[in-house]
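Dear colleague,

Please find the structure below, followed by some notes on what was found in it.

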Amino acid sequence: MRSLHRVFLTTCLLAWSVGACTAPSSTETSESSTSTTNTSEIAVTVTNTNCQPNAITVPAGKTTFVITNKSDQPLEWEILDGVKVIEERENIAPGFKQRLVADLDAGEYDMACGLRNNPKGKLTVQAAGTTEASLPSATELVGPIAAYKVYIIQEIDQLVAKNQKFTDAVITGDVEAAKKLYAPARVHWERSEPIAELFSDLDSSMDAREDDFAQKADDPNFTGYHRLEKALFKDNTTAGMKPIAEKLMADSLELQKRITDLPIEPKNMVGGAAALIEEVVATKISGEEDRYSRTDLWDFNANVEGSQKIVELLRPLVSKANPDLQTRVDSAFTEVNTTLAKYKIASGGFESYDKLSNQDRTDLKAVLTTLSEDLSTYRGTLGVD
Amino acid sequence: MTTTDKLNSGLRISPRMSRRDLLFGMAAAGGMAALTTLGYRALRTSDDTTTEKVPFFGLHQAGIVTPAPAAALIVAFDVTAKDKQDLIRLFQTLTDRIEKLTQGWTPPAADPRFPPADSGVLGMKVFPDNLTVTAGVGASLFDRRFGLESLKPNHLHLMPNYPNDQLNPDEIHGDLLLQFCSNTAETNIHALRDILKNIPDLMTVRWKIEGFLPPHTIKKLGKDTVRNFLGFKDGTANLDVADQKRMNQLVWVTPDKGEPAWAMGGSYQVVRIIRNLVERWDRTPLREQEQVIGRSKDTGAPLGMKHEHDVPNYAADPKGKTIPLDAHIRLANPRRSDLGLILRRGFNYSRGVNKAGQLDMGLLFVCFQTDLQKGFITVQERLNGEPLEEYIKPLGGGFFFALPGVKAKGDYLGRSLMEAAT
C-alpha cells in the first residue's frame, strides 16, 4: 500500500479525536462557486470544510493547479476518477502552496478537499481541439498493455478464489488452515499491486498495516489482511474476526469488478515495474510487512514476479530502445531470484523472514537498489510521461 | 600560539580574514608558488560561503587536518562489491564523485521524462561549500573477497566493547566509512545522496550520524574553543595541525611506522557516538562537574590556573589536590610523553529521545592518529573507570583507516591498496 494514502487517513483519524472530521454544516458548504477558465493555471484554496472554488472546468491536456492550504492541518489534494486517484499532492502544510501539473483526459472528476468527510469538489475536463499529441510510442504500447490487463485480471481472479478459501477458514474458526492460506492468497495481491493499489479505499481496507492507524492494532478501522494476520499468528484465534473476513471478501469482489472495467494507463504499467521494486526496497526487505506471520519473503517474491512480468512484456520495446538497460535489468533479476531461491521450501513458498541471513539481506539491498535506479528510467526510455 | 596565529603570521593575513581566505591560504602554502593579488581580492569581494573550496588532490585526504566546519555527517557502509575489480570500480567512482562534489560542478540538463541526475538540493549548480569527503576502511574489508587479507594495517581491528560502552549492533563497524564535512547539513546530505545514487550496487548504508559545531565559534578561527554538551570547552589541548613535523609524528602514517607500504599518508580514524546524560549532568553541582573534568567551566582553564591554554603542572600536584588524579583531562593527557596524543575532530550530535523521554545527544567523537594502539586505545584504557563515565554512554562507532590522499587526476582512493592486492 502506498504511504500517501496512509497520510491522508491518519490525518483524518487523528482529527476525529478533536471533532474536525465531522461533516460540515450546510452553511459551511454554501461558499461553493463555479469557475470556468481558459488559462492553464488554476488556483484552488482548501479550507477546513471545502475547496474554493469547488467546481472547476478546464480544457483537456495539461493544467497547472496551485493549491493553497488554508485549513489548519496538513492535507492531501487529489483528483479522483470515482475512487481512483489520478493525481495528487500530499502533505501540504497549513498556510503553504503547492503546484500540481495534471495531464487530464476529458471527463468528470472529483477533487478531494482536505478531510475525507468534506464534500468533494467537481472538476470538469472538456474535450478540446488542442490536446497534446499522443505519445510517439503509444501504439507500440497497445499490445503490452492489453497483455498486462489480461495478466492482472487473471491474478485478481485467483486472488478472489484464494481469499474465498482463506476467509472461509477464518469464519469457520479453523486457525491452522487459515494460517496456511494467508501467504498464498496475498501473492496475487502483491503481484498486481501497481493496479490494485490505484483504488485507495480498497488498498486501505484490505492491505493497511497497524502502523497506519492512530490506535495501532486496536484501532477499529484496522481491517484486512494484516488484521487477520495478527489474530491468526499472534493471538492464535479467529474470535471476533468474522466481520473482518467478510469485509475482506467483499472488498476482493469489489476490486475484481472495478479492475474489469479499468483502462490501464501506460504510466501505471511502465512505472509499475519500478513501483513494485520500490515496495520491496522500502518495506519488504526490512521485514515489517508480515510481522506476525513472518511470510515477508512470499510477498517479496510476488512483488518481484509482478515487476518481472512487466519487464517481460516490455522487453521488445526496451531492448530496442536501450539494450544495455535491458541487460542490466535482466542480470539484476537473475541475482535477486538466485538469492530468493535459497529460501524456497519444498512444500511451496518460502522460509520465515527470520531465516534471511544478514549477508543476503545486505546483498539484496544493493541489487534491488540498483534495479530501482534502472527501472526508474523505464518511463523515460519509452517516452511515457 | 594557536593554529590560527601561526597560519596568520606565516601568511601575513589579517585577523579579519574569513575562513575561506584561510583555506585558500593553506592551499597556497601547501603547493602553489604564489597567490596573485587579483585572485586574492576576487575571493574577498563576496561573503558567499558556498564558494569556499578545500583542495581535493594531495598526499593526504582532506577532512583530517582541515579545520572542522559547522556540519558533519558520518556514514558507514557494508561493501557489496563481489571481487577485486568491483572494489576498484567502487573506489574509482567514489573518487570521481568526491572530486566533483568538493570542487563544484554543473549536472547535465535532464530530459524531464527521466529522473534527474542530481537531487537538486543545492540548486542546479553544485557548489563546494567547504565540503570534504574523507574515506576510511574498516577491518572487515580485509578479507578473502578482495585478496586483502595480508594488507590490513597493523593495528586495525574491530572496535571492542569497552567497560562503559553500550554498543548498538546497528551502529558499529563497517567496511567503509565516509566522513562528510561542510558549512551546512544540506551540502553533506546532497553529497551523500549523490554518492548513493551513483554507487547503488557496490555498497549499502549500515549506519549514519550527523554532527555540528556552533558557527559563531568556528568563525573565530580557533581563537575560541567549542563547548561540548556538558558545557565545557572541548579540544583545548588538541594537536596543532599547522605543525607539519608533529603531524608526521602523530597523525600520518610515514615509512618509519612499520605499516604496509600502501598505507603511507593515511591515518587511523576512530569514531565514537558518546551520549551525554545531560539531564543528570545538569543536576550535578558545578564543583563536582569541574572536578570530574578537571577544568573551570567558565574559563576552560585547568583547575587552579587562570587561562584556558595554561598547561597543568601535575608534578606539582602529585596527590591530585588541585586537579583530581581521576579527572578527565588528567587521565586523558597526563602531559608526560607523546603516548596517547591524538588529533581530535569531534562534533556535537543531537537526535531523538529514548523511551524514558531523555535526550539522546552528546559527542560525535572523531580522532586521527598514526598508531591506533599508542593513540586512541592508550587514551581509552586510561579513561576506563573515570568518574565521567557516570554521565556518558558510548553507543556506537568503529575503528577505521583513512586512506592515503588522491595525488592527481588518474589516481584514485585506495589505489595503492588495490595495486598491492593479490
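The bend at a residue is the angle between axes fitted to the seven residues ending there and the seven starting there, and helices (H or I, at least four residues) and strands (E, at least two) are DSSP runs, numbered from the N terminus. Please keep in mind that this is a predicted model, in which local features need pLDDT of at least 70 and side-chain atom pairs count only at pLDDT 80 or more, while totals for chains, interfaces and linings use all residues. Residues are numbered from 1 along each chain as its sequence is written, and chains are lettered from A and ligands numbered from 1 in the order in which they are written.

Chain A has 12 helices and 10 strands. One of its helices, H9(A), covers residues 296-321 and bends by about 65° at Arg315(A), with the proline Pro316(A) following within four residues.

As for the contact between the chains (two residues are in contact if their C-beta atoms, placed from the backbone, lie within 7 Å), chain B contributes 11 residues and chain A 14 residues.

Best wishes

Key. Expected span 1.5 Å × (residues − 1).
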